[in-house]
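Subject: Handover of a structure

Dear colleague,

Please find the structure below, together with its sequence.

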Amino acid sequence: MMKQSTQTSVKTSDSMEWSLMPDHVSLFHREIVTAAEADGLNVRLSSVLWEKIGVGGAVLPHYHDVAEIIHITVGKVRLLCNGVWMSYQAGDTFHVPAGVVHSVVNDDTAPTEQISIFLPVTEETPSNRFFETIQVQAALEKTLESGGG
């Protein structure tokens, strides 16, 4: 069993390099959460990617042995969804089960961006539930205490 992290960690955008994804067209990514970092958080997660698709670029048709959630954050794209190409835009989210062929193509005049979350799929996965939040007393920034800036 991996040792669980006990402190919040931060990855700034400046510390993450854009890397070209092989076997696709003008697709770049920054890994927001690695499998090892997920292990430190004691969660089941393969990876979380911040992806950028250049003009004319594409995530070519493929499938995974994991489920994928894709959230478009910038621009307009076309998604190969259940065998049909459909248009979507920033704010739209795709839930792609393991083993399902999918593809995302930039359909804009500028690069598009998306967050892709890759989740392991196992038969023994317990039922999910909405998380619990417990508030605690802690010092707040002065701007929050005074109601804004």
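A residue is called buried when its relative accessible area is under 20%, exposed when that value is over 50%, and partly exposed in between. Please bear in mind that this is a predicted model.

Tyr 88, at 22% relative accessibility, counts as partly exposed.

The number of aromatic pairs comes to two. In the other, the rings of Trp 18 and Trp 50 have their centres 5.1 Å apart, and their planes stand at 70°, so this pair is edge-to-face as well. It links distant parts of the chain: Trp 18 lies in the segment before strand E1 (19-20), whereas Trp 50 belongs to strand E3 (residues 47-62), and the two are 32 residues apart. Trp 18 has a relative accessible area of 27% and is therefore partly exposed; Trp 50, with 22%, is also partly exposed.

Which strands does E3 pair with? Strand E2 (residues 25-33) is joined to E3 by seven bridges, and the two run antiparallel; here Val 25 stands opposite Ala 58 in E3. Seven bridges also join E3 to strand E9 (residues 112-120), again in antiparallel fashion, with Ile 53 opposite Thr 112 in E9. Three bridges connect E3 to E8, and these strands too run antiparallel. In that pairing, Val 59 stands opposite Val 104 in E8.

Strand E8 (residues 102-106) also contains Ser 103. Is Ser 103 buried or exposed? Its relative accessible area is 1%, so Ser 103 is buried. The side chain of Ser 103 reaches the backbone oxygen of Val 59 at 2.5 Å. Leaving aside residues up to four places away in sequence, Ser 103 touches Val 59, Leu 60, Pro 61, Arg 78, Leu 79, Leu 80 and Trp 85.

With kind regards

Note on methods
Residues numbered from 1 in each chain as written. Predicted model: local features only at pLDDT ≥ 70, side-chain atom pairs only at ≥ 80, totals over all residues. Heavy atoms only, no water. Helix = DSSP H or I, 4+ residues; strand = E, 2+ residues; numbered from the N terminus. Buried < 20%, exposed > 50% of the residue type's maximum accessible area, 1.4 Å probe, protein only. Polar contact = N/O pair within 3.5 Å; in protein donor to acceptor, adjacent residues only side chain to side chain. Contact = heavy atoms within 4.5 Å. Phe/Tyr/Trp six-rings, centres within 6.5 Å; stacked < 30°, edge-to-face > 60°. Pairing = 2+ DSSP bridges.
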